[in-house]
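Me: Can you walk me through the strands and the core of this one? I'll ask as I go.

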Amino acid sequence: MKIIFFYCSIFSFLLCNPAAGQVQDPAYNLLLQQMLTHSVKEISVKEVAAKSSNVLFLDAREKKEYNVSHLKDAVFVGYDHFDMAALKNIDKDQRIVVYCSVGYRSEKIADQLVKAGYSHVANLYGGIFEWVNEGYTVYDLAGNATPKIHPYDATWGIWLKKGEKAY
């Protein structure tokens, strides 16, 4: 009976949460559901890839991660040393998607943007890992497509199923 209740509880949680199911790996999805606070709008990789032409991507990883690869035309903003002043020339009505490796750091940066008055901000659910896992391209500093992706560290790198891990 306890097992049935447990599975029903998980099913209800996933069914009622709008971000659920937006990554391919169910275990990764469960981790994200528990780890993120869901304080800002979340957007799936497929959803943002379909309308990426008018989206400004902000990369909330650290410089060494960004230097290995990033989403096309993404602007590096970092996390540890994030400075809102770096965005002073960005229109507050601009569609912005913030991402990091899995979505934790980007959620924190996206939350700051919303509090600063940016009206169309979303966190990329599953981060750059899910972007690569779903077969989308990342780019190096020269603007060339690359299979390389910085996995942050070996622990978090387990969620990166495709691409070539480069530390």
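Me: Which residue is the bridge partner of Phe57 in β4?
Reply: Bear in mind that this is a predicted model. Strand β2 (residues 56-59) runs parallel to β4, with four bridges joining them. Within β4, Phe57 has as its bridge partner Val97.

Me: And in β5, which residue is the bridge partner of Arg95?
Reply: β4 pairs with β5 as well, in the parallel sense and over four bridges. In β5, Arg95 is bridged to His120.

Me: Through which helix does the chain cross from β4 to β5?
Reply: That stretch is a β-α-β crossover, and its sense is right-handed. The helix on the way covers residues 104-115, and that's α5.

Me: How many of the five residues of β4 are buried?
Reply: Buried here is under 20% relative accessible area. β4 is largely enclosed by the rest of the structure, because the buried ones number four of the five.

Me: Which element gives the largest share of the largest nonpolar core?
Reply: That core has 27 residues, and Trp131 and Phe57 are among those with the most contacts inside it. The elements giving two or more residues include α2 (26-35), β4 (95-99) and β5 (120-124). The largest share is four residues, and it comes from α6.

Me: Asn133 lies in helix α6 too. Is Asn133 buried or exposed?
Reply: Asn133 touches Gln24, Trp159, Leu160, Lys161 and Lys162, leaving aside residues up to four places away in sequence. A polar atom of its side chain lies 2.7 Å from the backbone nitrogen of Lys161. With a relative accessible area of 4%, Asn133 is buried.

Note on methods: Residues are numbered from 1 along each chain as its sequence is written. This is a predicted model: local features need pLDDT of at least 70, side-chain atom pairs count only at pLDDT 80 or more; totals for chains, interfaces and linings use all residues. Side-chain values use heavy atoms; hydrogens and water are left out. Buried means under 20% relative accessible area, exposed over 50%, partly exposed in between (1.4 Å probe, protein chains only). A polar contact is a pair of N or O atoms within 3.5 Å; within protein, one must be able to donate a hydrogen and the other to accept it, and residues adjacent in sequence count only if both atoms are side-chain atoms. Contact means heavy atoms within 4.5 Å. A nonpolar core is a set of buried Ala, Val, Leu, Ile, Met, Phe, Trp, Tyr and Cys residues joined through side-chain atoms within 4.5 Å. Two strands pair if DSSP finds at least two bridges between them. A crossover is right-handed if, with the strands pointing away from the viewer, the path from the first strand over the helix to the second runs clockwise.
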